[in-house]
Amino acid sequence: MSRIQQHMRLGLFIQAAGHHASGWRYPGAQSGSENFNLIRRLTESAERACFDLVFFGDKLVTGPQEPPSMIVRFEPLTLLGALAMVTERIGLVATASTTYGEPFTIARQFGTLDHLSGGRAGWNVVTTGYDSAANFTLGNHPDHEQRYAVAEEFVDVVRGLWDSFEDDAYVRDAETGVYLDTAKMHRLDHQGRFFNIAGPLNLTRSPQGHPVLVQAGSSGPGMALASRIAEVVFTAQQDLHSAQQFYRDLKRQVVEHGRDPAHCLVMPGIMPIIGRTREEALAHFERLQQWNDLDAALALVSDRLGHDVRGLDLDRPLPDLTLPQNMRSRAQLLLDMSHKDGLTLRQVCHLAAGARGHRIVVGTAHQVADEMIAWFEGEAADGFNLMPAHFPEGLDAFVEGVLPILRRHGLFRECYTGHTLREHLGLPRPADFGL
Ligand SMILES: Cc1cc2nc3c(=O)[nH]c(=O)nc-3n(C[C@H](O)[C@H](O)[C@H](O)COP(=O)(O)O)c2cc1C
């Protein structure tokens, strides 16, 4: 089947105060990162609409510098455990850090979620750009290169632990009295640069074999990791050309690793602002943008760039700045907005405050659908991570307006045909190598 005949993949990125910094202020918006009923309703809406997955990001530090609506959040794995009990088909993906986590614990947690949900778990592997050392007795936040070196080994250990038991290790034969064929239980005995982990994991292979591996870093080392291990890649490109370039580069690297490029799906973030007319959508966007707090936006852009830009001329483009150790690709994206697209610091702040550097598409449902189709057919994306500006209306407008158009083009499913997240995404179940 050619790629064009395939469906777009769709994820709903849930941030319960909405993805626009001021989304919670929009008339009718409901918010609350600790409002389980709201999160449950949003997840159920996405499941009724047959999205592939819902996704919850994570951050391990907080403080007054965060947007007030994002200072607190639920621990995502615990949250997904609860959502697994009230949903049946939709994929459940959460972030967990390779810098501040332990491979044995993460293998257990995502393996357990895969069992509990009947094969719907996915792990968004992040190295954590933000210095979170103060909360982990770690000393210093490791630098970018070190974080990715750790991540490479970390993921291999987790995958090895997920294969602790061959699929048919548990015989449970009451006649013969053989409960477990211990020859099919394997120690990992990993001894590496960063980890010494014996195993086996105290969990059998989960329904998907391995939970789906997602990755969200776009720097050179980020792409190197993604091309080797990721089955889904979350990105934040702004324009068709740079998205096509990223897509081409990543898929080329995937092939160099001997992998099928169709098994590493690229899903950029998109914040649609939808109106019955383009004018109405623009007015809607203006209303959100007018609430932006310039001081808060300057602090956010300074944080993302790793340079204090608060003293700079707001009405000139950004100067040449060296890339920071953290959040490198997001910093590059903000610099590109200024250097390539000619945006002033004030305009960069406005956009960054809106969607934290993700792409915003303002227009009618048809215009939003056309943009998505152009990216999908132009080989810039295999699908999208939907980031509504506010909930629930931002999600409802997409489901009621844009999805029917995508379906008329045969680009999105009418109903689920599979049960596991791998089946939704068209990903194979990893072979059981019986290490
Ligand atoms: C859609 C998306 C979701 C992300 N979610 C998280 C997250 O939940 N936690 C986190 O620490 N970083 C998250 N990131 C950031 C990246 O994982 C990565 O840390 C950052 O882009 C810096 O890595 P890089 O230098 O390789 O680009 C996300 C990025 C994208 C595009």
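The following legends describe several close-up views of this predicted model.

Residues are numbered from 1 along each chain as its sequence is written, and side-chain values use heavy atoms, with hydrogens and water left out. Because the model is predicted, local features need pLDDT of at least 70 and side-chain atom pairs count only at pLDDT 80 or more, whereas totals for chains, interfaces and linings use all residues.

View 1. In the side chain of His144, an N or O atom lies 2.8 Å from an oxygen atom of the ligand. For the side chain of Tyr148, the corresponding distance from an N or O atom to an oxygen atom of the ligand is 2.6 Å. Ser218 contributes a backbone N or O atom, which is 3.0 Å from an oxygen atom of the ligand. On its own the ligand has 620 Å² of accessible area, of which the protein covers 94%; accessible areas come from the Shrake-Rupley method with a 1.4 Å probe, and for residues only the protein chains shown count as cover.

View 2. Helices (H or I, at least four residues) and strands (E, at least two) are DSSP runs, numbered from the N terminus.

**View 3. Ser218 in its loop.** Ser218 lies in the loop between β9 (212-215) and α5 (220-229). Its relative accessible area is 17%, so Ser218 is buried; buried means under 20% relative accessible area, exposed over 50%, and partly exposed in between (1.4 Å probe, protein chains only). Leaving aside residues up to four places away in sequence, Ser218 touches Met223, Thr235, Phe246 and Ser329, where contact means heavy atoms within 4.5 Å.

**View 4. Ser338 in helix α9.** Ser338 is found in helix α9 and is buried, because its relative accessible area is 2%. The side chain of Ser338 reaches the backbone oxygen of Leu343 at 2.8 Å. A polar contact is a pair of N or O atoms within 3.5 Å; within protein, one must be able to donate a hydrogen and the other to accept it, and residues adjacent in sequence count only if both atoms are side-chain atoms. Beyond residues up to four places away in sequence, Ser338 touches Pro317, Leu318, Leu343 and Val348.

View 5. Gly18 is found in the loop between β1 (9-13) and α1 (36-48). Its relative accessibility is 4%, so Gly18 counts as buried. Gly18 and Gly32 are 14 residues apart in sequence, and their C-alpha atoms are 9.0 Å apart in space. With residues up to four places away in sequence not counted, Gly18 touches Pro388, Ala389, His390 and Phe391.

View 6. Most residues other than glycine have a negative phi, and most peptide bonds are trans. The bond from Gly199 to Pro200 is cis, with omega near 0°, and Pro200 is found in the loop between β8 (196-197) and β9. The bond from Phe391 to Pro392 is also cis, with omega near -5°; Pro392 is found in the loop between β13 (383-386) and α12 (393-408). Thr128, which is not a glycine, has a positive phi of about 65°. Thr128 lies in the loop between β4 and α4 and is buried, with a relative accessible area of 11%. Glu379, also not a glycine, has a positive phi of about 55°. Glu379 is found in the loop between α11 (365-377) and β13 and is partly exposed, at 42% relative accessible area.

**View 7. Cysteine residues.** The structure holds zero disulfides, a disulfide being a pair of cysteine sulfur atoms within 2.5 Å. Cys415 is in no disulfide, and the nearest cysteine sulfur, that of Cys50, is 6.2 Å away. Cys415 is partly exposed, with a relative accessible area of 47%, whereas Cys349 is buried, at 0%.
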